[in-house]
Amino acid sequence: MARVGVVGIGHSRFGIREDASLRELAFEAVRSCINDADVPLSDVQSMVVAIASDELSYALQPSAQVGDYIGFHPKPSFRAEAACASGSMAVRAGWMNIASGLADLVLVVGAEKMTEASTPDVTEVLGRAGDFLWEHPFGMTFPGYYAMIARAHMAKYGTTEEQLAAVAVKNHKYGALNPNAHMRKEITLEKAMSSFVVADPLKLFDCCLVSDGAAAILLASEAVAKKLRPDPVWLSGLGLGTGSLALAHREDLTSLEATVEAAGQAYRMAGIGPEDVDVAVVHDCFTIAEIVAYEDLGFCPRGEGGPLVEHGETCIGGRIPVNVDGGLKSKGHPVGATGVAMAVEIVKQLRGQAEEGRQVPQADVGLSHNVGGNGQHTAVHIFTRA
Amino acid sequence: MQFRDFSLLVRDTKVRGFAEGLERGELRASRCVGCGAVHFPPRSDCPTCWSGEFTWEPITGTGRLITYTLIKVPPRHFAPDLTQRAPFSTYVYAPTAVGLVEMEDGLRVMGWVCGVAAQNLHVGMALTPKPEVLDDGRATIVLKSEGC
């Protein structure tokens, strides 16, 4: 199969970006991506845009705002969507664009402006990503769904609230070193443990941030990638899995079936196993989600996700460094941007360009894991240097 | 944006009889006429044999709590008075736990947990799902402990 390479990466600062519109945020990411690739936009043949929510942008076809503002028309562009995994859907669609032969240079952009809506409205819209007919009417929210997953994981495996908090402490430690992160400050275990309860047992510091931001990558066919730069990073494995709309219909509440499926596809396609991964970014929308991801991705046996983070095995120097960009927890989670931002981070790690203190040494294989909703869609992508 | 409550939403579906049953005090699953599969939440279309015909099947007995939460930050539609409250208000929102019980036949039912203090909730405890009509006339599902 022909290979697809990443030849450019761009990332806006994440945060409460009252200073910039959706289109301006996207422009920031596209400009840095185009500069990184050193390719004029006129050479780019096609674009895929991820913006998760019509409700947050309060507009149909918000991707048109991006295309217009960067001056892309009349070339092909469309939008990809799967809630919080929208960005990875756009990466996948970009890969398909090239693998199919339709184009050999494709721009993938993810962007979201979330903070214009109030927190209760964001909670409402995100909560409706689950089963809004049968579960949302009980007041279920996104934190509520993951709280139920956490409670089941604690009951089955003895996972503790301290282990959940350890995920937040680790991700804030690395987020503090990332200039693009929303919340650049370290937190203590005590602070995380004493924060107010959002959905029992999840507290404020178990939850990711509501952020604005954008990210972009430029994908190229093998021939074009080799011509453009000496060090393209290859998108070597793609997996996409789906899961039930209702949480009640999950056979096992302590695992996301969609992740297991997606990871299996991606590992097979790349011809590697979990033990070969040098650095990973996983979907830590809530701290429990990172622990479940360790187990579903095969980084540790079932039930050992809590001890894995507690013993520092997912820090740099540990068995498998995870979310050393700060994760959704500290870097922020502008939903449509997240999947693309994950690709940016892994490419940065594989090129050895991450900031001091958060670069994983000799990283040749990277993995991104991006969940839509509470497991309705999951994408796993594997990136390699060779 | 306008959000509608549980019973109103179900009324605009092919399983609207579910809401009518709840109001009469009956909690019901659907049984596919084609292959006999029982579904909860009820569904008019069977994903196994593709039949569009179903009958109602009462859900009785006691289930086991498999997970639960207390949502302290509710969505907007749920507690509008909380999310629109005055600044510096001292009003405290005291949520009822939401739980998921698994019945003996494997069906799972979500509902409000009734009659158990939050600190006494635990995975594995016995709870019985029952319909309940609220003071404002809306029907919902509660998970009742013994003696509640």
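The following legends describe close-up views of a predicted model.

**Figure 1. The mixed, open sheet of chain A.** Nine strands of chain A make up an open sheet, and their order is 3-2-4-7-1-8-11-10-9 with mixed pairing. Strand 3 (77-80) and strand 9 (279-281) of chain A are the edge strands, each pairing on one side only. From one strand to the next, the twist averages 25°.

**Figure 2. Pairing of strand 1 with strand 7 in chain A, and the helix packed on the sheet.** Strand 1 (residues 4-11) of chain A and strand 7 (residues 213-221) of chain A are joined by seven bridges in the antiparallel sense. Within this pair, G5(A) lies opposite A220(A) of strand 7 of chain A. Helix 14 (residues 335-351) of chain A packs on the sheet, and its direction makes about 60° with that of strand 7 of chain A. The strands of chain A touched by helix 14 include strand 1, strand 2 (46-50), strand 4 (105-112) and strand 8 (233-242). Strand 10 (365-372) and strand 11 (377-384) of chain A are also among them.

**Figure 3. Crossing of helix 7 and helix 11 in chain A.** Helix 7 (residues 161-175) and helix 11 (residues 287-296) of chain A have axes that come within 8 Å and cross at roughly 95°. Because angles of 65 to 115 degrees count as roughly perpendicular, helix 7 of chain A is roughly perpendicular to helix 11 of chain A. Helix 7 of chain A contributes Q163(A), L164(A), V167(A), A168(A), K170(A) and N171(A) to the contact. On the side of helix 11 of chain A, these residues meet T287(A), I288(A), E290(A), I291(A) and Y294(A). By class, the contact between the two helices of chain A comprises six nonpolar, three polar and two charged residues.

**Figure 4. The largest cavity, with residues of chains A and B closest to its centre.** The model has three cavities of 30 Å³ or more, and the largest cavity has a volume of about 90 Å³. Its lining consists of 11 residues, of which W134(A), E135(A), F40(B), P41(B) and M110(B) are the closest to the centre. Strand 6 (residues 108-114) of chain B provides the largest share of this lining, with three residues. Nine residues of the lining of the largest cavity are nonpolar, none is polar and two are charged.

**Figure 5. The second largest cavity and its lining.** The volume of the second largest cavity is about 50 Å³. Residues lining the second largest cavity include F14(A), V281(A), V282(A), N323(A) and D325(A). Helix 13 (327-330) and helix 14 of chain A each supply at least two residues of the lining of this cavity. Helix 14 of chain A gives the most, with three residues. The lining of the second largest cavity divides into six nonpolar, four polar and two charged residues.

**Figure 6. The largest pocket and the residues closest to its centre.** The largest pocket holds about 710 Å³ of space. Of the 30 residues in its lining, T119(A), C207(A), C208(A), L209(A) and V210(A) are the closest to its centre. Helix 5 (119-127) and helix 6 (142-157) of chain A each supply at least two residues of the lining of the largest pocket. Helix 5 of chain A has the largest share, five residues. By class, the lining of the largest pocket consists of 21 nonpolar, eight polar and one charged residues.

Technical notes
Residues are numbered from 1 along each chain as its sequence is written. Chains are lettered from A and ligands numbered from 1 in the order in which they are written. This is a predicted model: local features need pLDDT of at least 70, side-chain atom pairs count only at pLDDT 80 or more; totals for chains, interfaces and linings use all residues. Side-chain values use heavy atoms; hydrogens and water are left out. Axes are lines fitted to C-alpha atoms, for helices over the stretch in contact, and angles run from 0 to 180 degrees between N-to-C directions. Helices (H or I, at least four residues) and strands (E, at least two) are DSSP runs, numbered from the N terminus. Angles under 35 degrees count as roughly parallel, over 145 as roughly antiparallel, 65 to 115 as roughly perpendicular and the rest as oblique. Contact means heavy atoms within 4.5 Å. Ala, Val, Leu, Ile, Met, Phe, Trp, Tyr, Cys and Pro count as nonpolar, Asp, Glu, Lys and Arg as charged, and the others, Gly among them, as polar. Two strands pair if DSSP finds at least two bridges between them. On a 1 Å grid over the protein atoms alone, a cavity is a set of points where a 1.4 Å probe fits but cannot get out, and a pocket is an open set with protein on both sides within 12 Å along at least five of seven lines; lining residues have an atom within 4 Å of a point. Grid points are joined across faces, edges and corners, and a volume is the space filled by probe spheres set on the points.
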